[in-house]
Amino acid sequence: MSGPIETIVVVGAGQAGFQAAASLREAGFSGRLTLVGEEAALPYQRPPLSKAYLAGKTDARGLLLRQESFFAEHRIDHLSGTRVTAIDRAERGLRLSDGGRLAYGHLVLATGTRNRALPVPGAELTGVRQLRSLDDADALRAAIADIRRIVVVGAGFIGLEFAAVCAARGLSVTVIEAAERVMARAVSPETSEVFRAFHEEAGVTFLFGAGVTAIEGEGGRVAAVRAADGQSLAADLVVVGIGVVPNQELAAEAGLTVRDGIEVDAFLATSDPAISAIGDCVRFPSRFAAGMPGGDRVRIESVQNAVDQGRCLAARLTGRPAAYDAVPWFWSDQGPHKLQIAGLAAPTDASVLRRAGAGVSVFRFRDGALSAVESVDRPADHMAARRLLAASKVLTPEQAADPSFDLKALATG
C-alpha cells in the first residue's frame with residue numbers, strides 16, 4: 001500500500017465482515033468505514049439458527065453480534081438491505097443495487113456462501129426449504145409447529161442439527177444421504193458411526209447411499225420425496241442441506257482470481273493489492289492442509305476462520321502485517337451431544353480412538369503426524385488438540401490411544 005488508507009468498504013455483513021469492521025476500529029483505523037450487507041437485519045450469528053434459535057432457546061435479539069448502538073459509537077456505516085452489483089477496480093468504486101455508487105480506498109470482500117440448490121423436479125414446491133438466513137429459520141420455526149413428517153436431504157452438519165431439534169419435538173424425521181454415512185466429507189468413519197447411533201437412538205431414520213430424483217407434490221405443496229431406488233417417502237416438510245457454494249461471482253466479474261472461492265495469499269490479499277477477501281468465500285494457503293488431496297490451499301466454512309481472518313486482515317491494514325496461521329477448529333451441537341474438530345483431516349488419514357468416560361476422541365494422523373482431532377463430548381481433548389496443532393507438538397498414535405497419557409501436559413509443556 002502506497003500510503004494511509006482513508007476509506008475501507010467491507011462487502012458482506014456476516015461474521016467475517018463484521019469482525020473485520022470491528023477489529024479495524026479496535027486496531028486504530030480512523031478513516032471512513034462502511035459495512036455493506038444484503039440482509040435487512042443487523043449482523044447476527046448463523047450457527048444458532050439450526051440449534052438454539054430453532055428450538056426456541058434464544059430470540060432474534062440474542063443472535064445479534066452487536067446492538068445497533070455499537071455501529072454508531074464506532075462510526076461504522078452499516079448499509080443494510082444493499083447488494084453490491086459490480087466492482088470498478090480502475091476507479092476503486094462499487095455499484096450498488098439501489099443505483100448508488102460507493103468509493104473505496106481498500107475493499108474487503110466477505111461475501112460468504114449460499115446454499116447449494118437441489119436440482120430435481122419439484123424443488124420449487126411449497127414446503128421445500130433450506131436453512132441459511134434468519135428468515136429461513138423463522139419460516140422453519142413456524143412450519144414445524146403444526147406438521148408431523150419431515151424429510152431432510154443431506155446428512156451434513158446443518159441437516160443433522162435440524163434433525164436433532166425436530167426429533168426432540170417428537171416429529172417423524174427421515175434423513176436421506178447420498179454417501180454411505182453421516183458427515184462423510186467432514187469426519188472419520190468412527191465419528192460418523194458415533195453420531196449415527198446418537199440420532200437413531202433419538203428416533204431419526206436414515207437412508208444412506210440414496211439420491212433424490214424428485215420432490216412430489218399435491219396442489220402445489222410437497223407431499224413426498226422420491227428416492228433413486230424408487231421408494232417414496234411421505235413428507236409435510238422437506239429441508240435441503242447438501243452443502244454450499246462460495247459467493248465468488250462479484251470477484252470473478254471484476255477479474256480477480258477465483259477457484260472454488262476467491263484466491264488470496266497468506267496475508268489474505270487478492271490479485272489486486274487494493275482488495276482483500278476473508279471468510280467462507282476465500283481459498284487460502286495453510287500449513288494444516290499440507291498433504292491434502294487439493295494441495296496446501298483450502299476454503300474453510302467456520303466461525304473461527306471468519307473471526308480470525310477478520311482480525312488478521314485488520315492488523316495488516318493498520319500496519320501490523322502477519323501471515324494468517326490460525327489452527328482451524330469447528331463445532332456442531334446435535335441434540336445433547338457436541339462435536340468439536342481441530343485441524344484438517346484428509347480422507348486417507350489414519351484414525352486412533354481415545355475413550356474415557358462417556359465421550360470419545362478420534363485422533364487423525366497423516367504420514368505419522370497429528371493432522372486433526374474429532375472430539376465427541378470431550379472438550380478437554382479439543383482444547384489440548386488446538387494447542388498441540390498450533391505448536392506442532394509431536395504426539396504418537398500410541399500416546400493418543402492411551403487414556404492415561406497426559407495430553408494437557410504435552411500441549412502446555
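Reply: Gladly. A starting definition: two strands pair if DSSP finds at least two bridges between them. Keep in mind that this is a predicted model.

Me: Thanks. How many bridges join β10 to β16, and do they run parallel or antiparallel?

Reply: In general, the strands of a sheet pair through backbone hydrogen bonds, in either a parallel or an antiparallel sense. Here, β10 and β16 are joined by four bridges and run parallel.

Me: Which strand is joined to β10 by five bridges?

Reply: That is β11, residues 172-177, which runs parallel to β10. Ile150 is the residue to look at here, standing opposite Val173 in β11. Between the two strands the chain passes through α5, and this β-α-β crossover is right-handed. As for burial, β10 (residues 149-153) is mostly covered, with four of its five residues buried.

Me: Let's turn to a helix. Which residues of α4 are buried?

Reply: For burial, the cut-off to remember is under 20% relative accessible area. In α4, which spans residues 134-143, the buried residues are Leu134, Asp136, Ala137, Leu140 and Ala143. Their cover includes α2 (60-63), β9 (128-130), α5 (157-168) and β16 (237-240).

Me: Now hairpins. How many residues lie between β4 and β5, and which residue in the turn has a positive phi?

Reply: There are four residues between β4 and β5, and Arg92 in the turn has a positive phi of about 50°. The strands themselves, β4 (residues 84-88) and β5 (residues 93-96), run antiparallel and are joined by four bridges. Asp88 stands opposite Gly93 in β5.

Me: What does β5 do with β6?

Reply: β5 pairs with β6 (residues 101-103) in the antiparallel sense, over three bridges. Arg95 stands opposite Arg101 in β6. This hairpin also has four residues between its strands, and Gly99 takes a positive phi near 90°.

Me: In what order do the strands of the sheet with β13, β14 and β15 come?

Reply: The order is β13-β14-β15, and these three strands form an open sheet with antiparallel pairing. The edge strands, each pairing on one side only, are β13 (212-218) and β15 (232-234). From one strand to the next, the twist averages 30°. If you zoom in on β14 (residues 221-227), you will find three bridges to β15, with Ala224 partnered by Ala234.

Me: Why does Cys281 count as buried?

Reply: Cys281 counts as buried because its relative accessibility is 0%. Cys166 also counts as buried, at 0% relative accessibility.

Methods
Residues numbered from 1 in each chain as written. Predicted model: local features only at pLDDT ≥ 70, side-chain atom pairs only at ≥ 80, totals over all residues. Heavy atoms only, no water. Axes fitted to C-alpha atoms, helices over the stretch in contact; angles between N-to-C directions. Buried < 20%, exposed > 50% of the residue type's maximum accessible area, 1.4 Å probe, protein only. Contact = heavy atoms within 4.5 Å. Right-handed = clockwise from strand over helix to strand, strands pointing away.
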